[in-house]
Amino acid sequence: MRLTAVLLLAAGLLLAAPATASAHTGLRSSEPAADSTVTTTPQAVTLTFNASVLGGEVSVTAPDGTPVGAGPVAHDGAVLSLPVTLTAAGRHTVTWTAVADDGHTLDGTFVFEHAPATPLPPPAAPATGTPTPSDAAAPATGNGSGAGSDTGTETASASSDSGGLPGWVLPVAAVALLAVGGLTALRRR
């Protein structure tokens, strides 16, 4: 009888041990995720645990080892968050320490790759001295009268400050380039 009771107790303890071990706090997820590549620039690195933590520390370093943390670590229940300012592409390292509700210290390290989308280069400016269609279409400035003459004078002065181009030409050209690029990408699919 005693042997049966001891065996049942031992079996119960063996079955309860994994449940107790799995109840320990651990890192559930992170944003950016470990070993991921992000193309947008995150504003913060966020760690989410499977249970509430008492607090912790998080540090993020750029590929050259420079810290990129931009403020104190925020703590809210099971979440630790560090604002960051990423200025370089490449592999960033996150090192963290947290204290679980039961007093155990947790720690870890992971990396993520920052690969920001490359901005389009600005359109090339025309060579000086070569007339462009926009120069020919620009209204002549002179001694006109009425409301239109003030606008023409402002356009002419903006033109001379930017190498002879009206201020609206570069934004319109950039939008046109983006539209052509988008249509080309859609046709290739």
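**Exercises on strands, core and loop**

Asp35 lies in the loop between E1 and E2; strands such as these (E, at least two residues) and helices (H or I, at least four residues) are DSSP runs, numbered from the N terminus. The model is predicted: local features need pLDDT of at least 70, side-chain atom pairs count only at pLDDT 80 or more, and totals for chains, interfaces and linings use all residues. Residues are numbered from 1 along each chain as its sequence is written, and side-chain values use heavy atoms, with hydrogens and water left out.

**Exercise 1. Confidence and overall composition**

State how many helices and strands the chain has, and locate stretches where pLDDT stays under 50.

Step 1. The chain holds four helices and eight strands. Along the sequence they follow the pattern α-β-β-β-β-β-β-β-β-α-α-α.

Step 2. pLDDT, the predictor's confidence in each residue from 0 to 100, has a mean of 74 over the chain, and 52% of the residues reach 70 or more.

Step 3. Of the 189 residues, 22% count as buried. Among contacts with a separation of 6 or more, 57% come from residues 24 or more positions apart.

**Exercise 2. Strand pairing**

Derive the order of the strands in the open sheet, then trace the pairings of E3 and E6.

Step 1. Two strands pair if DSSP finds at least two bridges between them. Four strands form an open sheet with mixed pairing, in the order E2-E8-E7-E4.

Step 2. Strands E2 (37-38) and E4 (53-61) are the edges; each has a single partner strand, so one side of each lacks a neighbour in the sheet.

Step 3. Ten bridges join E7 (residues 90-100) to E8 (residues 105-114) in the antiparallel sense. Arg91 has Glu113 in E8 as its bridge partner.

Step 4. E3 (residues 44-49) runs antiparallel to E6 (residues 79-83), with five bridges between them. Here Thr46 is partnered by Ser81, and Ala44 stands opposite Pro83.

Step 5. E3 is also joined to E1 (residues 27-31) by four bridges, again antiparallel. Ser29 has Thr48 as its bridge partner.

Step 6. E5 (residues 74-76) meets E6 in the antiparallel sense through three bridges, with His75 opposite Leu80. These two strands form a hairpin with two residues between them, and Gly77 in the turn has a positive phi of about 65°.

**Exercise 3. The nonpolar core and the aromatic pair**

Step 1. A nonpolar core is a set of buried Ala, Val, Leu, Ile, Met, Phe, Trp, Tyr and Cys residues joined through side-chain atoms within 4.5 Å. The largest such core has 20 residues; among those with the most contacts inside it are Val58, Val84 and Phe112.

Step 2. At least two residues of this core come from each of E3, E4, E6, E7 and E8.

Step 3. Beyond four places in sequence, Phe112 touches residues including Pro32, Val45, Val60 and Val94.

Step 4. The structure holds one aromatic pair. Rings of Phe, Tyr and Trp (its six-membered ring) pair if their centres lie within 6.5 Å; planes under 30 degrees apart count as stacked, over 60 as edge-to-face and the rest as tilted.

Step 5. Phe49 lies in E3 and Trp96 in E7, so the pair ties together parts 47 residues apart in sequence. Both Phe49 and Trp96 are buried.

Key
Contact = heavy atoms within 4.5 Å. Buried < 20%, exposed > 50% of the residue type's maximum accessible area, 1.4 Å probe, protein only.
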